[in-house]
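Subject: Structure for you to look at

Hi,

Here is the structure I promised to send over. Have a look at it first, and then read on for what turned up.

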2 protein chains.
Amino acid sequence: MKPIARTPGIDRRALLSILALLPALSAALLPVSAPAQTSTPGGLLPSWNDGAAKQAIFDFVRATIDRSSPSYVLPEDRIAVFDQDGTLWVEHPMYTQVVYCLERVPAVVAKKPELRNVEPFKTVLSGNREAMAKLSMGDIEKILAATLTGMKVEEFNAEAKKWMETAKHPRWNRLYTELVYQPMLEVLRYLRDNAYKTYIVTGGGQDFVRVYAEKVYGIPPEQVIGTAGGTKYAYASDGKAFLTKEPKLLLNDNNAGKVEGIHMMIGRRPYAAFGNSTGDRQMLEWTAAGAGARLKMLLLHDDAAREYAYGPAQGLPDTKVGTFTPALYDEAKKNGWTVISMKNDWKRIFAFE
Amino acid sequence: MKPIARTPGIDRRALLSILALLPALSAALLPVSAPAQTSTPGGLLPSWNDGAAKQAIFDFVRATIDRSSPSYVLPEDRIAVFDQDGTLWVEHPMYTQVVYCLERVPAVVAKKPELRNVEPFKTVLSGNREAMAKLSMGDIEKILAATLTGMKVEEFNAEAKKWMETAKHPRWNRLYTELVYQPMLEVLRYLRDNAYKTYIVTGGGQDFVRVYAEKVYGIPPEQVIGTAGGTKYAYASDGKAFLTKEPKLLLNDNNAGKVEGIHMMIGRRPYAAFGNSTGDRQMLEWTAAGAGARLKMLLLHDDAAREYAYGPAQGLPDTKVGTFTPALYDEAKKNGWTVISMKNDWKRIFAFE
């Protein structure tokens, strides 16, 4: 195993946007979710407007649970996978986990004072946001390694849980766990009510997301697949075994790594996949390559007023990491995947609205 | 990721015993499962004799499902893990998966004729059992890599499934899948009936065991944790995505690797663990290190007449791999783990008896 090369859930985009709250540009809207004849069971998915996206979800579920349907799927094979950042909750101005890591730096330095005058910790401690925005990928990886590893797994869980209970998003001044998308919570519940097993498949840290996923999404730890690090087994002085989080990458759960993670952790091809960026592309392609009815959904962030507008909504250039690129948008259109317009398809974004 | 270093489910012991059916020595019995007052619900675990082992299972379940018990465990936390080879089914004279790999060699060579005169394939093709028994660990790893990787995941599944449907164990002339231990099937069912989620945690290949685990043990693919290799994502000429098994190790699910696998794939500490060798030691220690009632069970193969006798039953020397060593036996006794005597605790071994 190669000693740390990549660390969980970070990319250039997160880095660049580290301190800059995005200006709320008016979205350059693309024609998504063309109006369609809708026939949706009343009362389900109440936060969704009628339209192609809502209809696609209903059609898929109906086709796969009806025993007389050619697309019927046995209950044990009903697997649905969801990206997290930008698909189930807000990912701007930066990934919540990166915020966590930056805020953990003082505690780490308190335990290891020798880091105080060492970069990149020195810059983070300075609070100089301009300098922080210039940190390199290598610097960010050092911060992630220092803040996410080196402690017992139970200690990590306790620390992350405590942080999640108080840390707030700067724009809404609300807990990050309140910034989950209400329409997606409804989809999760609707699928589970129809015997689908719902999984999170995230580029973020698996251990981090597991801390709150059961409470926030109703998804237990064993159904959270994420970027995963190794652990080290050892004995305490009383002879009891304990496990320490190590700076060693087991699974880089991004891009094709999401498919590798799904194969390793589930061992079945999903029937439904939800994402919002190029990091989810292969997961959707892999889902689409299966026989029968398969639901492929991409969330477009085109609502600067209620959330953010980025990606195709702003005509951003094609980049390799983490965004909903025009190329991905074209692939979705070409292959009949469904693009969800946050602005048009969602009646409300958050439960607190 | 280091290119292939270790390959799934093989150790020196399997190699050495490759062709020698163990002589059915009379077991030098150790005093396991001392007689105890038993109070067991009638009709449950019918293939178990009354005794300390059966009682330990009942006591554990009762203590963890009774809401008024100080050891009560919430249903979502009820995790039970089982080693496979030698714990759920026969592992002698060699691991079933190794038999599979050796028997796959002709098909691999047919596709890659250049291997015909290359070792170790030449030796395997020769059918010379004495020469095969002398193959080195490196040779065996080459055979595993050649026979378990390089094909689409669906191709591997189809091939392994087909083989399992006809391949037979030389001693009983029965399908390998018939050589599962009936008493353990009853434990799996009993735990599941009490809301325990049952997992296989095997040093064997994860993909291999997943092929039959649902049918044979009632354990779905996503609850099989094993030694896991990487996969490669690519596109067919029609543009469809496919996944190929690669000779790259993601998880070596043996020894402390079993704890790492449990942390990665489940993210919760088990309440019950069943094993039979040093490869399961850390998994049992990790289970034991949790608070409350924890069930730690080791199966002793002391029944040469009905199955095999090896490990402490034969006073084998302490070795590092794969066996139930005297040191492990001492650890079990010292820490109050329960040793199951196949000879004394099991009324019958197989369903067909």
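At what angle do α9(A) and helix α10 of chain B pack, and how far apart are their axes? Bear in mind that this is a predicted model. The angle comes out at about 50°, and the axes are 10 Å apart. That makes the two helices, α9(A) and α10(B), oblique to each other. On the α10(B) side, which covers residues 256-265, the residues involved are His263(B), Met264(B) and Met265(B), and they meet Gln206(A), Asp207(A) and Arg210(A) of α9(A).

Helix α7 (residues 153-164) of chain A and α9(A) (residues 206-217) have axes that come within 9 Å and cross at roughly 60°. This pair is therefore oblique, and α7(A) passes α9(A) in a right-handed crossing. From α7(A), the contact takes in Phe156(A), Asn157(A), Ala160(A), Lys161(A), Trp163(A) and Met164(A); from α9(A), it takes in Asp207(A), Phe208(A), Val211(A) and Tyr212(A). By class, that gives seven nonpolar residues, one polar and two charged. If you compare the two residue lists, you'll spot Asp207(A) in the contact with α7(A) and again in the one with α10(B).

Now for the interface as a whole. Chain A puts 42 residues in contact with 42 residues of chain B. About 3,600 Å² is buried between the two chains, with carbon and sulfur atoms giving 53% of that area. In chain A, the residues that lose the most area to chain B are Glu222(A), His263(A) and Met264(A), which together make up 18% of what that side buries.

Glu222(A) comes up again among the charged pairs: its side chain meets that of Lys197(B) in a salt bridge, 2.8 Å from N to O. Ten salt bridges are found across the interface of chain A and chain B, and the count over all chains comes to 34.

Asp83(A) forms a salt bridge with Lys258(A), and their closest N and O atoms are 2.9 Å apart. The two are 175 residues apart and link distant parts of the chain: Asp83(A) is in the loop between β1 (79-82) and α3 (96-111), while Lys258(A) belongs to helix α10 of chain A.

Cheers

How values were computed
Residues numbered from 1 in each chain as written. Chains lettered and ligands numbered in written order. Predicted model: local features only at pLDDT ≥ 70, side-chain atom pairs only at ≥ 80, totals over all residues. Heavy atoms only, no water. Axes fitted to C-alpha atoms, helices over the stretch in contact; angles between N-to-C directions. Helix = DSSP H or I, 4+ residues; strand = E, 2+ residues; numbered from the N terminus. Parallel < 35°, antiparallel > 145°, perpendicular 65-115°, else oblique. Left-handed = near helix turned anticlockwise from the far one by under 90°. Contact = heavy atoms within 4.5 Å. Nonpolar A, V, L, I, M, F, W, Y, C, P; charged D, E, K, R; others polar. Buried area = accessible area lost by both parts, 1.4 Å probe. Salt bridge = Lys/Arg side-chain N within 4 Å of Asp/Glu carboxyl O.
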